[in-house]
Amino acid sequence: MKKIILAVIASAAAMAGTSAYADDAGTGYVGVGAVGSKYEFNAPNAVSGENHSGYKAGGKIYGGYNIDQTWAVEGGYTDFGKKSYNYTAGGLPGGVHTDAHSYYLAGKGTWPVNQQIALTGKLGVARNTNEVSTSGISSVNGDKNKTALYASVGAEYAVTNNVKVSLEYEHYGKNDIDTGRKSGAVTAGVRYAF
């Protein structure tokens, strides 16, 4: 009898937890986000008053289609922004300037915790671009474009059935050029389902 009662309670809780997400099936959505990513610059024997690593804010736009209340397909564009590092080496000035962005396409899973909160995960591919220009002794090698594995984990909060806010960690993968933006980013977003 205890097992039956526990099963009924668990089923009711699971059904109640999906109400804000059950209406998502067969809908599209669009969203925007603020992205924070880490930058790191390596210039051998460099002396600088600037930090060779730090964080930069960027932006993201994305859209998707909810196949059902659990599975969706999503694509987006992320602009990680521009970042520069100026230094002196051997008495001569130099600098590194980067401009990075990415396109991604991924499958998305959504697992409701309760009526408003859900955990999310994405897996797909990203096309990364990291344009690097240098002056002075610093030089870079590698292709500025690379296709890499894209993955993310996060959570969403349903403000209404149509509006959801999210916080996630996204892994875009690396470029051949390992100067500038690192592979991960934290994104706070808002999306609207239609």
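I'll start with R191, which lies over the face of Y29, 4.4 Å from the ring centre. By that I mean NZ of Lys or CZ of Arg within 6 Å of the ring centre and within 35 degrees of the ring normal. K122 has its charged end over the ring of Y62, 5.8 Å from the centre.

A word on the source. This is a predicted model, where local features need pLDDT of at least 70 and side-chain atom pairs count only at pLDDT 80 or more, while totals for chains, interfaces and linings use all residues. Residues are numbered from 1 along each chain as its sequence is written, and side-chain values use heavy atoms, with hydrogens and water left out.

Now the ring pairs. Searching the whole structure gives nine aromatic pairs. Rings of Phe, Tyr and Trp (its six-membered ring) pair if their centres lie within 6.5 Å; planes under 30 degrees apart are stacked, over 60 edge-to-face, the rest tilted.

One of the pairs is W71 with W111, edge-to-face, at 5.8 Å centre to centre and 90 degrees between the planes. W71 is in strand β3 (residues 71–89) and W111 in strand β4 (residues 92–112), 40 residues apart. Strands here are DSSP runs of E, at least two residues, numbered from the N terminus. W71 is partly exposed at 45% relative accessible area, and W111 is partly exposed at 41%.

Y150 and Y172 are also edge-to-face, 5.3 Å and 65 degrees. Y150 belongs to strand β6 (residues 145–158), Y172 to the loop between β7 (163–171) and β8 (180–193). Both are buried: under 20% relative accessible area, with exposed over 50% and partly exposed in between (1.4 Å probe, protein chains only).

Last, Y39, F41, Y85 and Y87 make one aromatic cluster.

Conventions:
Helices (H or I, at least four residues) and strands (E, at least two) are DSSP runs, numbered from the N terminus.
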